[in-house]
Amino acid sequence: MDGNFYLDALVNGDSKIISKIYENNFKQVKRFILQNKGNTEDAEDIFQKALLQIAVRHKKEGIRIKSTFEGFLFTVCKNLWRRELNSRKSRVTNSEVVEQVSEAHDSARAIIEQKRQELFVEMLDRISENCKMILSMFFAKLSYAEIVASTDYTSETVVRQRVFKCKKKLTDLIKEDQRFNSLREL
């Protein structure tokens with residue numbers, strides 16, 4: 001079944017399919033959160049928020065998933081969990097000055113972050129195969145020497161220049177897209 005089937009099931013509240021979504025995806029999300037300073041309750045909260053966020057976005061915007069639903073859901077969960085970890089770090093523990101970010105504001109930020117990710121992936125698809133390959137190695141934190149070893153490039157300098165040009169091309173494509181300005185910040 002394609003990802004859009006699951007989107008419709010979430011919006012329509014199809015409990016049978018939603019149970020399947022939990023069955024097929026929750027363990028992976030829970031494992032990720034447990035490995036990244038969270039507990040089971042955190043995983044349940046994040047998973048629930050992700051499903052709600054996806055359903056609301058699909059209902060409002062009619063989003064379409066180009067990858068798998070599982071991959072899309074996991075990415076949303078990861079983004080929400082990273083946001084939660086950052087928010088925990090920034091909370092002041094002094095009882096006189098406790099700043100709590102509103103739930104609505106936090107959800108809006110998470111949605112914007114997800115839309116940024118989607119725009120990035122979409123624009124990454126538009127650059128050349130060579131640039132995609134170079135940038136995927138660069139984003140995977142391979143050293144320039146490792147990139148040279150696994151490509152036809154002759155030196156680290158050439159790879160550096162290629163990475164720079166590819167990043168510039170990707171950045172330009174993103175900035176040229178009409179959605180860019182609306183996704184800058186809340």
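Q: Let's start with Y6: does it count as buried or exposed here?
A: Buried. The general idea is to look at relative accessible area, where under 20% means buried. This is a predicted model, and in it Y6 has a relative accessibility of 11%, so it counts as buried.

Q: Okay, now rings. How many aromatic pairs are there?
A: Rings are paired up by how far apart their centres lie, and then sorted by the angle between their planes. The count here comes to 8 aromatic pairs. Take F5 and Y6: their ring centres are 5.5 Å apart and their planes sit at 75°, so this pair is edge-to-face. F5 is partly exposed, at 33% relative accessible area.

Q: And what kind of pair do F138 and Y144 make?
A: A stacked one, because their planes are at 25°, with the ring centres 6.3 Å apart. F138 is partly exposed at 23%, and Y144 is partly exposed too, at 22%.

Q: Which residues do ring pairs link into a cluster?
A: When pairs share members, you can follow them from ring to ring. Here F5, Y6 and F69 are joined that way.

Q: Switching to charges: how many salt bridges are counted?
A: The thing to look for is a Lys or Arg side-chain nitrogen within 4 Å of an Asp or Glu carboxyl oxygen. That gives 6 salt bridges here. One of them joins E129 and K132, at 3.0 Å from N to O. Both of these residues lie in helix α6 (residues 129-139), 3 residues apart, which is about one turn of the helix.

Q: What else does K132 meet in a salt bridge?
A: D125, with an N to O distance of 4.0 Å. As for exposure, D125 is exposed at 53% relative accessibility, and E129 is exposed at 58%.

Q: How far apart in helix α8 are E156 and R160?
A: They are 4 residues apart in α8 (residues 156-176), so about one helical turn separates them. E156 is partly exposed at 35%, and so is R160, at 41%.

Q: Where does D177 lie, and is it buried or exposed?
A: D177 lies in the segment after α8. With a relative accessible area of 13%, D177 is buried. To see what surrounds a residue, set aside its close sequence neighbours: beyond four places in sequence, D177 is in contact with L119 and M123.

Methods
Residues numbered from 1 in each chain as written. Predicted model: local features only at pLDDT ≥ 70, side-chain atom pairs only at ≥ 80, totals over all residues. Heavy atoms only, no water. Buried < 20%, exposed > 50% of the residue type's maximum accessible area, 1.4 Å probe, protein only. Helix = DSSP H or I, 4+ residues; strand = E, 2+ residues; numbered from the N terminus. Contact = heavy atoms within 4.5 Å. Phe/Tyr/Trp six-rings, centres within 6.5 Å; stacked < 30°, edge-to-face > 60°.
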